[in-house]
Amino acid sequence: MSLFETFDLAGLQLPNRIVMAPMTRSRAPTEVADDLTAIYYQQRATAGLIISEGAPISREAVGYAFLPGLYTERQIEGWRGVTSAVHDAGGRIYAQIWHVGRVSHVSLQDGQQPPVSSTDRPAEGPRTFAYAWRDDGSVGFVAPSVPRALTTEEIARVVADYAHAAKQAIRAGFDGVEIHGAHGYLIEQFLNPTINDRTDQYGGSLEARRRFALEVVDAVAGEVGPERVGIRLSPLAQLLGAPAYADNEATYFELFAELSKRRIGYLHLSDTGARAGSPVMTDALLRRVREVFSGAVVLAGSLDAEKADRLLAAGLIDLAAFGQPFIANPDLVERIAIGAKWAVPDTATYYGGRAAGYIDYPSYAASSEDAVASPIT
Ligand SMILES: Cc1cc2nc3c(=O)[nH]c(=O)nc-3n(C[C@H](O)[C@H](O)[C@H](O)COP(=O)(O)O)c2cc1C
């Protein structure tokens, strides 16, 4: 099975092609990764590569409560416990660095300031929420607040925040960083012309709209080395108030070519088709990505072992990322290896809470102990 071939990710040796996709779990009440976080990731360390949940790069970058950030010393310390737990178990882990832009709420921002974006128009649309404090003090899904458009001068500061977080990620022991450029968050708020209404050098033409993304990539690569950088993009998604537009394809394919020139380690494509009802990524699209992007290609989104193996065998991707299957199957790699059934995760405990639905999913061996024991006795 191709999933069990090794892979050289720009010098980092992966024992298999199975990647744990980034998943926010909102389980850090003090915004610092803790022992539970370390146990959760350590349980999943047989993945060829783990990509951490999205870690906010600054206070301003936060769009959901209880996320472990990557910008204060305490947060770096917290993540250090996670990376050493994963490394001790023989695993590898990248940090996903994240700025939500306008998909945030004043209650999450310093001094109840408006969140920032490429625009001053709010994110609207189906399932477009921040997870924040309501007026009555409870936490829940709320409509994103009206943002403030970043001034031209301020953009360099935001770019520097990404680079700072990347540097802290390496200090915290991560093996690399993935820039979250997908799903309607800040980078997409610049790329998408239906959102980006700027008249400065960051808005208008296709080249101007991608300037922010490339400045972030260059700054992060300058800090940690291009080979240690990945970027996640969702070219066909229409999530969180980011609708489809006419030159969507050109926007992304020209961006892929620019990323290729920069020799970053990988491009992580998030296919939201099956889950969110946007167009599904076809083999033809993946083939064209291969033609313009020379680094490694990772794909995520409703994959099963069979589809992943087919795409790997066809040479259309290098690594297959699994999200929800890893929630309920800490030993997903072993289950795929032996063809064992996958446990089904409980969607009610995806976000928030503590240990339940987080670190208490048993391995296949533990859950089938009775079944294995009975024929012997
Ligand atoms: C609970 C949950 C949290 C997620 N959080 C993130 C995130 O922080 N960053 C990100 O890029 N994608 C995030 N995603 C998307 C996943 O990485 C993945 O692309 C998606 O679940 C589809 O893959 P799957 O069908 O294998 O689950 C999240 C998905 C889930 C279910």
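This is a predicted model: local features need pLDDT of at least 70, side-chain atom pairs count only at pLDDT 80 or more; totals for chains, interfaces and linings use all residues.
Let's start with the core. The largest nonpolar core has 88 residues. Five of them touch the most other members: Tyr162, Ile179, Phe212, Val220 and Leu259. And which helix gives the most to this core? Helix 6, residues 211-224, with 8 residues.

Take tyrosine 162 from that list. Leaving out residues up to four places away in sequence, Tyr162 touches Ile57, Ile97, His99, Ile179, Leu186, Ile187, Phe212, Val216 and Val220. Ile179, Phe212 and Val220 also stand with tyrosine 162 among the core members that touch the most others.

Now the ligand. There are 18 residues around it, and Pro22, Thr24, Arg232, Ser302 and Gln324 come nearest. By class, the shell has 7 nonpolar, 9 polar and 2 charged residues.

A ligand oxygen sits 2.7 Å from a polar backbone atom of serine 302. How much of the ligand does the protein cover? On its own the ligand has 610 Å² of accessible area, and the protein covers 93% of that.

Next, helix 1, residues 35-43. Its buried residues are Leu36, Thr37, Ala38, Tyr40 and Tyr41. What covers them? The cover includes strand 3 (18-20), strand 4 (49-56), helix 2 (73-88) and strand 5 (93-98). Look also at the start of helix 1. There, a side-chain oxygen of aspartate 34 comes within 3.1 Å of the backbone nitrogen of leucine 36.

On to single residues. Glycine 184 is in the loop between strand 10 (176-180) and helix 4 (186-191). Is this glycine 184 buried or exposed? Its relative accessible area is 0%, so glycine 184 counts as buried. Apart from residues up to four places away, glycine 184 touches Val103, Gln189, Leu239, Leu240 and Ala242.

Serine 117 lies in strand 6, residues 116-117. Serine 117 is buried because its relative accessibility is 0%, and the cut-off is under 20%. With residues up to four places away left out, its contacts are Arg102, Pro147, Arg148, Ala149, Leu150, Leu186, Gln189 and Arg198. Gln189 was on the glycine 184 list too. Leu186 was on the tyrosine 162 list.

Threonine 251 is in helix 7, residues 248-261. Its relative accessible area is 1%, so threonine 251 is buried. A polar atom of the threonine 251 side chain lies 2.7 Å from the backbone oxygen of aspartate 247. Beyond four places in sequence, threonine 251 touches Leu191, Leu206, Arg209 and Tyr245.

Last one: leucine 332, in helix 12, residues 332-338. Leucine 332 is at 0% relative accessibility, so it counts as buried. Which residues does leucine 332 contact, leaving aside neighbours within four places? Phe322, Pro325, Phe326 and Trp342. For a sense of distance, leucine 332 and arginine 275 are 57 residues apart along the chain, with 20 Å between their C-alpha atoms.

That's the tour. Happy to take questions.

How values were computed: Residues are numbered from 1 along each chain as its sequence is written. Side-chain values use heavy atoms; hydrogens and water are left out. A nonpolar core is a set of buried Ala, Val, Leu, Ile, Met, Phe, Trp, Tyr and Cys residues joined through side-chain atoms within 4.5 Å. Buried means under 20% relative accessible area, exposed over 50%, partly exposed in between (1.4 Å probe, protein chains only). Helices (H or I, at least four residues) and strands (E, at least two) are DSSP runs, numbered from the N terminus. Contact means heavy atoms within 4.5 Å. A residue is near a molecule or strand if one of its heavy atoms lies within 4 Å of it. A polar contact is a pair of N or O atoms within 3.5 Å; within protein, one must be able to donate a hydrogen and the other to accept it, and residues adjacent in sequence count only if both atoms are side-chain atoms. Accessible areas come from the Shrake-Rupley method with a 1.4 Å probe; for residues, only the protein chains shown count as cover. Ala, Val, Leu, Ile, Met, Phe, Trp, Tyr, Cys and Pro count as nonpolar, Asp, Glu, Lys and Arg as charged, and the others, Gly among them, as polar.
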